[in-house]
Amino acid sequence: MFIIRWILGRIILFLNFVFSPKKRQRPLAEQQQIDTQTQALALYQYPACPFCVKVRRAMRRQGLNIVTHDAKKAPHKDELVAQGGKQQVPCLRIEENGQVQWLYESKEIINYLDQRFAEIAVQLSV
């Protein structure tokens with residue numbers, strides 16, 4: 001079973017590399033503001049997890065520079081379990097106003113990023 005998962009993981013990574021989405025280009029001032037806001041975010045993920053790849057592709061399409069942590073390795077694995085409550089990926093760590101929220105499920109993470117950063121683009125263009 002390990003070998004099959006390893007092979008499938010490499011296929012997923014290869015296809016993600018070949019068909020990588022185009023990164024969104026923004027004006028420098030807008031990108032700097034978004035980069036400042038994404039400093040409070042961290043994605044706990046496995047490199048070859050298809051759901052994690054889905055989230056990373058959405059981040060790339062939006063041009064979001066969010067730090068990623070490999071949740072298979074310590075200390076990130078320990079942080080995810082101790083603070084997030086479970087070892088499930090993908091998981092987005094959101095720090096706002098001194099409070100930390102852990103958001104699981106790829107679809108929910110993508111919806112959160114779409115809503116949060118689409119609003120910024122609208123505010124800046126007005």
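Reader: Which residues have the most contacts inside the largest nonpolar core, and how many residues does this core have?

Author: In this predicted model, the largest nonpolar core has 16 residues, and those with the most contacts inside it are Leu41, Ile66, Leu92 and Leu113. Strand 1 (41-45), helix 3 (50-62), strand 3 (91-96) and helix 5 (106-125) each supply at least two residues of this core, and the largest share, 5 residues, comes from helix 5.

Reader: With which residues is Leu92 in contact, leaving aside its neighbours within four places in sequence?

Author: With those neighbours left aside, Leu92 is in contact with Leu41, Ala42, Leu43, Ile66, Gln101, Trp102, Leu103, Ile109, Tyr112 and Leu113. Another core, of 11 residues, lies apart from the largest one, and among its residues are Leu80, Cys91, Trp102 and Tyr104.

Reader: Why is Ile109 called buried?

Author: The word buried is used for a relative accessible area under 20%, and Ile109 has a relative accessible area of 0%, so Ile109 is buried. Ile109 is found in helix 5, and, leaving aside its neighbours within four places in sequence, Ile109 is in contact with Leu43, Val55, Pro90, Cys91, Leu92, Leu103 and Tyr104.

Reader: What makes Ala74 exposed?

Author: Exposed means a relative accessible area over 50%, and the value for Ala74 is 59%, so Ala74 is exposed. The place of Ala74 is in the loop between strand 2 (67-70) and helix 4 (76-84). Ala74 and Met1 are 73 residues apart in sequence, and from C-alpha to C-alpha they are 24 Å apart in space.

Reader: Why are helix 1 and helix 3 called roughly parallel to each other?

Author: Helix 1 (residues 2-18) and helix 3 pack at an angle of about 15°, with their axes 10 Å apart. Angles under 35 degrees count as roughly parallel, and therefore helix 1 and helix 3 are described as roughly parallel to each other. The crossing of these two helices is right-handed.

Reader: Which residues in helix 1 and helix 3 meet?

Author: From helix 1 come Ile12, Leu13 and Asn16, which meet Pro50, Val53, Arg56 and Arg57 in helix 3. Sorted by kind, the residues of this contact of helix 1 with helix 3 divide into 4 nonpolar, 1 polar and 2 charged.

Notes. Residues are numbered from 1 along each chain as its sequence is written. This is a predicted model: local features need pLDDT of at least 70, side-chain atom pairs count only at pLDDT 80 or more; totals for chains, interfaces and linings use all residues. Side-chain values use heavy atoms; hydrogens and water are left out. A nonpolar core is a set of buried Ala, Val, Leu, Ile, Met, Phe, Trp, Tyr and Cys residues joined through side-chain atoms within 4.5 Å. Buried means under 20% relative accessible area, exposed over 50%, partly exposed in between (1.4 Å probe, protein chains only). Helices (H or I, at least four residues) and strands (E, at least two) are DSSP runs, numbered from the N terminus. Contact means heavy atoms within 4.5 Å. Axes are lines fitted to C-alpha atoms, for helices over the stretch in contact, and angles run from 0 to 180 degrees between N-to-C directions. Angles under 35 degrees count as roughly parallel, over 145 as roughly antiparallel, 65 to 115 as roughly perpendicular and the rest as oblique. A crossing is left-handed if the near helix is turned anticlockwise from the far one by less than a right angle, and right-handed if clockwise. Ala, Val, Leu, Ile, Met, Phe, Trp, Tyr, Cys and Pro count as nonpolar, Asp, Glu, Lys and Arg as charged, and the others, Gly among them, as polar.
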